[in-house]
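Me: I would like to learn how to read a protein structure. Please take me through one, feature by feature.

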Amino acid sequence: QVQLVQSGGGLVQAGGSLRLSCTASGLTFSLYDMGWFRQVPGKEREFVAAMTWSGSNTYYKDSVKGRFTISGDNAKNTVYLQMNSLKPEDTAVYSCAAGLPAPKSLSNYARSGHYGFWGQGTQVTVSS
């Protein structure tokens, strides 16, 4: 049984930092593309960041480039999302996801349909 268990998140002031973690079980982490998405009530889920299964390529939503970093630890079967310089508009429920490898392109990694497994979601709230 595949599980993605998230930790981290919470409330932070604008300009602050948070790190989200997503630990996978039931799959070989290093063989999957990993992604982070976020969703605000009443809006569609949106892509935030992704990392190819090899870790050689990363992709980001334009508005988080230079502030967010996705990384992975194969030994721990864990992917991270380090979020710096947080803004109120980053407030959302963040979810990690795992998907079988796809051709390397932002369009592929930004599609939620690429991912077959999802974490439980964690709230990130940035106060102004």
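**Reading the fold**

Reply: Contacts come before details. Among contacts in the protein chain with a separation of 6 or more, 59% join residues 24 or more positions apart. Keep in mind that this is a predicted model.

Me: How many helices and strands does the protein chain have?

Reply: There are 11 strands and 1 helix. In sequence order the pattern is β-β-β-β-β-β-β-β-β-α-β-β.

Me: How does the radius of gyration of the protein chain agree with that of a compact globule?

Reply: A compact globule of 128 residues would have a value near 14 Å, and the protein chain has 13 Å, so the two agree. The C-alpha trace spans about 40 × 25 × 25 Å along its principal axes.

Me: Which residues have the most contacts inside the largest nonpolar core?

Reply: A nonpolar core is made of buried residues joined through side-chain atoms within 4.5 Å. Here the largest one has 28 residues, and W36, L81, M83 and Y94 have the most contacts inside it. Elements giving two or more residues to this core include β3, β8 and β9. Apart from it lies another core of 7 residues, F37 and Y59 among them. As for L81, the residues it touches include L20, W36, V48 and Y94.

Me: Which residues form a disulfide?

Reply: To find one, look for two cysteine sulfur atoms within 2.5 Å. C22 and C96 have theirs 2.1 Å apart. C22 lies in strand β3 and C96 in strand β9, so the pair ties together parts 74 residues apart in sequence. The torsion about their S-S bond is about 65 degrees, so the disulfide is right-handed.

Me: Are C22 and C96 buried or exposed?

Reply: Both C22 and C96 are buried.

Technical notes:
Residues numbered from 1 in each chain as written. Predicted model: local features only at pLDDT ≥ 70, side-chain atom pairs only at ≥ 80, totals over all residues. Heavy atoms only, no water. Helix = DSSP H or I, 4+ residues; strand = E, 2+ residues; numbered from the N terminus. Buried < 20%, exposed > 50% of the residue type's maximum accessible area, 1.4 Å probe, protein only. Contact = heavy atoms within 4.5 Å. Rg over C-alpha atoms; globule rule 2.2 N^0.38 Å. Lists of a residue's contacts leave out its neighbours within four places in sequence.
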